[in-house]
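Visitor: I have a chain to go through. Can you walk me along a few local features?
Guide: Gladly; here is the model.

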Amino acid sequence: MPGALAAASLLLAIPASAATPSPGAPGIGDPYYPYYGNGGYDVSHYDLRLRYQPRTDELEGTATIQARTTQDLSSFDLDFLLDVSEVRVNGAKAAFTHSQQHELVVTPKTPLAEGTTATVVVRYRGVPSTKSAYGFTAWHRTPDGAVAADEPESAWWWFPSNDHPSDKATYDVSVAVPDGTQAISNGTLQSTVSKLGWTRYSWRQNKPQATYLATLALGRFDITTGTSEGGVPVINAYSKDLGDNDGAARASVERTGEIVDWLSGYFGPYPFSSAGGYVPNTTTGYALETQTRVYYSPKQFANGSNTSVVVHELAHQWYGDDVSLKRWKDIWINEGFARYAQWLWSEHEGESTTQELADYVYDSHPAGDAFWTVRPGDPGPDGQFDIAVYDRGALAIQALRDKVGDQAFFAVLKGWPRDHAYGNASVTDFRRYAERVSGKKLTALFDTWLFQPVKPGASAARAASLAKAGTPVAQPRSWKRIAATDDVHGR
Ligand SMILES: [Zn+2]
């Protein structure tokens, strides 16, 4: 029956891409956080034009998002909590609705074909401090304004996004605030324009940035600028109401340029157009590696200057920001190395060596300690910021160093950010890279130190040159100073 056969082959010849467009997934596929990020598209740029009134915490704005579709889309999600008044896709008004905890579902007038670019405009307003998701808010009100900085989520309170580190993009953030208030964000300050009682601050992040690393601070700040000896522009900002913490905050954060140059010796050239940090007048306790503009809670300076936390957050500019994790289970790529940088700084300052600190971590947690049940290579969503990810994570790095030798180790440390610049990578990618550079098989070492939920035994400790295993190790001199930064990402 030639006629029927022809019809059948015609049917089979319809390419899969012409299948009925379907909704993009409400999550990007991260098992730790099923609804974080979204499926079906990839963002290249966020343009955020905002206006903020500190007195009432009212934020209004227009987000223009440049994206490329990765499937035929009948609808797609953004992650967002504020009240939306209009969405346009490629110029045409689109239907939209909120669903789940933080999903904004957008249905374009006509479906979007795979592999095409889309311009999405979202107009919105709201009072971010009145919004929560999962019973939580990342929007921190201050007496003089507010701050958005948290991990793994903070974007929902101020701009619609594909909220997952695996979709990085560039940013233009332009915020109008009443004269006398400053707006701080990532990257470089392109312009400041005052008109009719309002001042507009326009910031640009010209390198790919994860959504959780985008930050916004609105309040009364003293902004300082400079350039490191190595040529990196530095922009810092201090709340004008830091009280007794003001001196210690400046004595720490003003060393940003020096520390960036020092870290460049280990990690290679600084990857961004500027460096810096800001200290808002918040009651929070943590710090966060927001890209180029680190967030520091005043409490980090309550006991005097704290360069260790500055080293930690600036180390993340390479390990976490330049090279971002692929999935949240890869958090060791961020925290193990930021903690190890604190150990290197301790040694640089003439205090405890990295080996002494590693010996102490190994010795001070007995085999039955719950510390060893946390697997830094895949700690689970609840263990993501457990102290073991930091301390056991840094111990694993010392074990790697002792296994491959200093020459290969420091080549890995410096080569990794260059090899994966502005991209994403996993713990497995790191192991493979270290194997390639060192010429050694490292599967067993990584398994022992990062993935087994037990304390590595005496033979593994000896192999990692933890020679003192079995005999008590005195607390290193810098231990308490480093441990004081343990809550860097705690809530
Ligand atoms: Zn960290």
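Guide: First a term: helices are DSSP runs of H or I, at least four residues long, numbered from the N terminus. Keep in mind that this model is predicted.

Visitor: Which residue follows α5 with a positive phi?
Guide: Helix α5 covers residues 332–348. After α5 comes a residue whose phi is positive, near 80°. That residue is Gly350.

Visitor: How far does α5 reach from its first C-alpha to its last?
Guide: α5 has 17 residues. At 1.5 Å a residue, 24 Å is expected. The model comes close to that, at 23 Å.

Visitor: At what angle do the axes of α5 and α7 cross?
Guide: Helix α7 spans residues 387–404. The two axes come within 8 Å. They cross at roughly 75°. Angles of 65 to 115 degrees count as roughly perpendicular, so α5 and α7 are roughly perpendicular.

Visitor: How do the residues of the contact of α5 with α7 divide?
Guide: On the α5 side, the residues include Trp332, Phe337 and Trp343. Among those they meet in α7 are Val389, Tyr390 and Ile397. The contact divides into nine nonpolar, two polar and three charged.

Visitor: Is Thr292 buried or exposed?
Guide: Thr292 sits in the loop between β20 and β21. Its contacts include Asn186, Gln205 and Phe272. There are 29 other C-beta atoms within 10 Å, so Thr292 is buried.

Visitor: What is omega for the cis peptide bond of Glu151 and Pro152?
Guide: Pro152 lies in the loop between β11 and β12. A cis peptide bond joins Glu151 to Pro152. Its omega is about 5°.

Visitor: What is phi of Gln100?
Guide: Gln100 is in the loop between β7 and β8. With 14 other C-beta atoms within 10 Å, Gln100 is partly exposed. Its phi is positive, though the residue is not glycine. The value is near 50°.

Visitor: And what is phi of Tyr422?
Guide: Tyr422 is found in the loop between α8 and β23. It has 15 C-beta neighbours inside 10 Å, so it counts as partly exposed. Tyr422 is a residue other than glycine with a positive phi, near 60°.

Note on methods. Residues numbered from 1 in each chain as written. Predicted model: local features only at pLDDT ≥ 70, side-chain atom pairs only at ≥ 80, totals over all residues. Helix = DSSP H or I, 4+ residues; strand = E, 2+ residues; numbered from the N terminus. Expected span 1.5 Å × (residues − 1). Buried ≥ 20, exposed ≤ 12 C-beta atoms within 10 Å, placed from the backbone. Contact = placed C-beta atoms within 7 Å. Axes fitted to C-alpha atoms, helices over the stretch in contact; angles between N-to-C directions. Parallel < 35°, antiparallel > 145°, perpendicular 65-115°, else oblique. Nonpolar A, V, L, I, M, F, W, Y, C, P; charged D, E, K, R; others polar. Lists of a residue's contacts leave out its neighbours within four places in sequence.
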